[in-house]
Structures are given as structure tokens and as C-alpha cells.
Amino acid sequence: MHYRLAADPSLPHYIAVEARLTQVTQAEVELQLPAWRPGRYELQHFAKNIQRFTVTDGAGNPLPFRKITKDRWLVQTGGAPEVVAHYNYYANLINAGSSYLSDEADASPMLYVNPVNLCLYAEGRIHEPCTLELAIPADWVIACGMAQTAPQTLYARDFYELVDCPLIAAPALHQIQYEARGVDFTVWVAGRMAFDPERVVRDFKRFSETQIDLFGEFPEENYHFLTIVLPVAHYHGVEHRNSTVLVLGPADEGEGLYTDLLGVASHELFHAWNVIRIRPAELLPYNFTGENYFPTCFVAEGVTTYYGDLMLRRSGVFNDNAYLKELHVTLKRHFEANGRAFQSLTESSWDLWLDGYDKGVPDRKVSVYHKGAIVALILDLHLRQISGGTRSLDDVMRLMWQRFGKPFVGYTLADYRAVTEEVAGESLDWYYDTCIFGNESLLPLLNSYLNPLGLTVSTDENGSIQLTPFSQAA
């Protein structure tokens, strides 16, 4: 499929899309727009942002078509060797998974695209190469993980790569480059340059090397942090194959904004292994037409949340106080918001597709991010305790990489459990019954592992969670 994106000539914030399918031999072709995007496990129905939709042959003659689902079109080709879909997509939202096109009055013009939002594919031809042409001024800078094969033209080996490579194009982008363990990294910043480039290089290099050292290798030859800084409060990141999108604000927040940058960047980089490659079997390959239910988001997101901050501490970017401050935030978000929730982690992983990103009714679900990070901490401390510090969750993640991530074969809940028990050298029935399949409070269990480290988690008279030295709590 060959795509061309341009500004709609008559409507602000609309991207005009031309999707050209060549070498057509069938009498009918089905065109599908994704209903969701990887990294956010809920249906987002991107087709609702399309205003108009037409189909022609390669010479511009109309072809008959009809919509057969909310985001799927059946085209009668009439023997035409090319099918060209023409449609426009409303792009007036900036978050880490959206698309945005500034209007003519904007002082800082920008095209920001997550191709999964607006690029459709032909059924049966999803594995074919794709090109993406941008109708932008020749002097604009393009930040993207895809290869650039010609001016304003990007190339993907298949549709899966295309939709895993967001892009930012603008007259100017701040660019910070560094190298870690032989891998080239680039931090791109659109908007106000609110960070010290030398500090970014120093800190990002530290946590990047620490993460690479954990796994022993990096999955890609290069990596891009596509960062958008907004004038308003925002905090969001989404992982991709060899890049991530980070949207942060406000631009004038100072040290708090930089701490946010470090936290979300470290989290998303860990995803380059965990979920991009160490992927639940139920998500391999992605089915873009509907829900992809899986029970292990506590591994994909919870373990990643735990390691995101831990890598900052282990690399020396965070000191003990900074790390414990972030841990305290995670504890508060779980125990204060849904510490008494009825659902288990596996149930809440499954129900992400129902209401996982909404507040929902009281005491029903847990966060796979926050509770998932806490149970990862418990498992890590248990493995260290029973082995005298010779084994840890690091060993689990290395085995997951070697057996499932590097060969890219997908893992099940049973696979993850088997690996954790192999590293432990014992049954972990108690851990899975309590932490993963259960819904009882984790406070007593968590404290049994934190107290020997001189820490305790308690609740004050107002119900607020406190993380304090054990001697003070006593």
C-alpha cells in the first residue's frame, strides 16, 4: 500500500489521505481501518474521525463500494489493477497516541501522525511493504523510526512496522543525540526546548546503558524519543518498535517537567523489550479489527512500571530519595484508589477492553500499572531474599527475552509463571494465588518484604498511604 498525507485544502485540522493499492487481481477488495492502537488496550474507533470517503481506480474513475462494518469497506474493483481510497481524517488532538495537524494561523506549524489512526490496509495484504509520502515543505524536518527512502517519503517493511512508527514533521525540531552500547539514540523535541541538552545526554545514556546491560543487547539499531512539550499540564507516553512518543507539560514547570521526562522515557524504553518483543501470545500478531483479550498486562505494564523507576535508581540518575518518592506515588495510587477492589490483576488485564482507562465504578478493578508494579516489587524482593541476593526479577526478564522476545514467539500466563518458578527454584503458588489471582490487601505481604529493608507502608488517620523508615513507624 502506498499512502500520501496532505493538509485538506478546505478544512483546517483535516489530513487528506490517499491510500493506493497496486497489483490488484481480485474482483473485490476489503479495506480495513484499525479500531485500536497497540499500547492502549481499548477500542478507539478511529473511523469516527473520517468525514468523507471515496474510492477510484488508478485513472480516477469511481469504483462502487459499501461499508460492511464500522471501519471496513468492500470495494468492487471491476478488473482495475489499482484501487485508490481518498478520505480525510480529523487531526486536532495531541496526546501520545493521536494525530495532529496545525492550521495556517499556528505560529508553530507541525504535522504529528500515528499511522495506526488513519492508514487502512487491504485484507490479505497486510504483510506487504508500505510507503508513506508527506506533502510538506521540502525544508521541514521529519522525526521517525521508519527509513526515509526519498524526500518526504518513508518506507516500512509491512503494515505492522508502518503503524508502529509515529512521526513528527515541522520546520524545526530540537535534536539531542547520544550513543549507548553501540546503539544510536535521538531525543527529538517539538515545542519549547525546556531541557538542558547536556543533562539529557548524561542521564539518558545512563539509564539506556543500564537497561541494555540487563538484557545483554538492544532489539534495534537505533531508537527515537519523539517528545512534544505542551504549554498545559500533560503526561503521556506510548511505546513503539524503535521509538516512543512522549507528550509532557507544562513547558514552564522546570525540574518537575524534567523528572516527568526521565520517568516516562525510562518506562517506554523498557517496553522496547517488554511487550514490543516479549509480547503476550494473544497479541501476536495484532488483530486490528477488535479486542485482543489477554490476562498478562500486569507483566507488560506492571513489570515495566516497576523497572522504569528502578532503572533510573540503578543507573544513578535517581538517588534513594528520588526513587522512594516515585515508589510512594505508586503505592498511593494503588492502595488509596483501589486497594479494596474486587477484581484480580488477571481480571483487570482482561477488562482493559471494557473500561480499563476509565475510573469505573467504586472498588471494582485494579490498575495493572500500579498493582502490577507492586507485585513485581514483591516478586523481586522474594527472589533476592530466598537466593541470598544471587537471583532476582532480572533473571526472569532475561529468560523471557531469550525464550520469547528474541525469537518473537509470544508467551502465555503459564509461560511467565513457569519462568518465575524456575528462577525461584520452588513453587510460587502463594504468590500467584495472593498477588495475581487474588484480591486481598497486599499491605501485610508487602511490609513483610519492606521491613527488613528498613521501610514500612502504613495508613494515617485520613486514610493516606505513608512510606516511612520502619523505626519511625514503630
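Tutor: Buried means under 20% relative accessible area, exposed over 50%, and partly exposed in between (1.4 Å probe, protein chains only). This is a predicted model: local features need pLDDT of at least 70, side-chain atom pairs count only at pLDDT 80 or more, and totals for chains, interfaces and linings use all residues. Residues are numbered from 1 along each chain as its sequence is written, and side-chain values use heavy atoms, with hydrogens and water left out.

Student: Is tryptophan 36 buried or exposed?

Tutor: Buried needs a relative accessible area under 20%. Tryptophan 36 has 0% relative accessibility, so it counts as buried.

Student: How many aromatic pairs are there?

Tutor: Rings of Phe, Tyr and Trp (its six-membered ring) pair if their centres lie within 6.5 Å. By this rule the count is 38.

Student: What kind of pair do tryptophan 36 and tryptophan 353 form?

Tutor: Planes under 30 degrees apart count as stacked, over 60 as edge-to-face and the rest as tilted. Here the centres are 5.1 Å apart and the planes make 85 degrees. The pair is therefore edge-to-face.

Student: How many residues apart in sequence are the parts that this pair ties together?

Tutor: Helices (H or I, at least four residues) and strands (E, at least two) are DSSP runs, numbered from the N terminus. Tryptophan 36 lies in the loop between strand S3 (28–32) and strand S4 (50–57). Tryptophan 353 lies in helix H8 (residues 352–355), so the parts are apart in sequence by 317 residues.

Student: Which kind of pair do tyrosine 178 and phenylalanine 185 make?

Tutor: Both residues, tyrosine 178 and phenylalanine 185, are buried. Their ring centres are 4.9 Å apart and their planes are at 5 degrees, so the pair is stacked.

Student: Over the face of which residue does arginine 40 lie?

Tutor: A charge sits over a ring if NZ of Lys or CZ of Arg is within 6 Å of the ring centre and within 35 degrees of the ring normal. Arginine 40 is 4.1 Å from the ring centre of tyrosine 357. The answer is tyrosine 357.

Student: Is H3 roughly parallel or roughly antiparallel to H4?

Tutor: Axes are lines fitted to C-alpha atoms, for helices over the stretch in contact (heavy atoms within 4.5 Å), and angles run from 0 to 180 degrees between N-to-C directions. Angles under 35 degrees count as roughly parallel, over 145 as roughly antiparallel, 65 to 115 as roughly perpendicular and the rest as oblique. Helix H3 (residues 197–215) and helix H4 (residues 255–270) pack at about 25 degrees, with axes 11 Å apart. That makes H3 and H4 roughly parallel.

Student: How is H4 placed relative to H5?

Tutor: The axes of H4 and helix H5 (residues 297–314) come within 8 Å and cross at roughly 125 degrees. That makes H4 to H5 oblique.
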